[in-house]
Amino acid sequence: MTLCLLVEVNADFSEAVLFDIEKQENTTVLLSKNDFESLSTITASTDEEIFLEIDMSKKQIVWNNQ
């Protein structure tokens, strides 16, 4: 798992751009409908930086409930 900082969600809501803390570079992950809805809820409820765990082999967000 890789810790990343959420940079942006693309305008079509199908991808998120994240900053890989370890590699010091941006990476893109595909968003499912559930990912997008979860990120929308998180971003609407905070002005703080949002860190997410990413499974880089699958390029997917890892949620605590998975």
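In the predicted model, Phe 13 is partly exposed, with a relative accessible area of 45%. Phe 36 is likewise partly exposed, at a relative accessible area of 24%. These two residues form a pair of rings whose centres lie 4.5 Å apart, and the structure holds one aromatic pair. The ring planes meet at 50 degrees, so the pair is classed as tilted; planes would have to be under 30 degrees apart to count as stacked, or over 60 to count as edge-to-face. The pair links distant parts of the chain, as Phe 13 and Phe 36 are 23 residues apart. Phe 13 belongs to the loop between strand E1 (2-9) and strand E2 (15-20), whereas Phe 36 is part of helix H1 (residues 33-45).

Helix H1 also contains Thr 43. A polar atom of the Thr 43 side chain lies 3.2 Å from the backbone oxygen of Ser 40. When neighbours within four places in sequence are set aside, Thr 43 is in contact with Leu 6 and Ile 50. The C-alpha atoms of Thr 43 and Lys 33 are separated by 15 Å, and the two residues are 10 residues apart in sequence.

Asn 64 is located in the segment after strand E5 (60-62). The relative accessible area of Asn 64 is 79%, and the residue is therefore exposed, since the category begins over 50%. Between Asn 64 and Glu 53, which are 11 residues apart in sequence, the C-alpha to C-alpha distance is 9.1 Å.

Note on methods. Residues are numbered from 1 along each chain as its sequence is written. This is a predicted model: local features need pLDDT of at least 70, side-chain atom pairs count only at pLDDT 80 or more; totals for chains, interfaces and linings use all residues. Side-chain values use heavy atoms; hydrogens and water are left out. Helices (H or I, at least four residues) and strands (E, at least two) are DSSP runs, numbered from the N terminus. Buried means under 20% relative accessible area, exposed over 50%, partly exposed in between (1.4 Å probe, protein chains only). Rings of Phe, Tyr and Trp (its six-membered ring) pair if their centres lie within 6.5 Å; planes under 30 degrees apart count as stacked, over 60 as edge-to-face and the rest as tilted. Contact means heavy atoms within 4.5 Å. A polar contact is a pair of N or O atoms within 3.5 Å; within protein, one must be able to donate a hydrogen and the other to accept it, and residues adjacent in sequence count only if both atoms are side-chain atoms.
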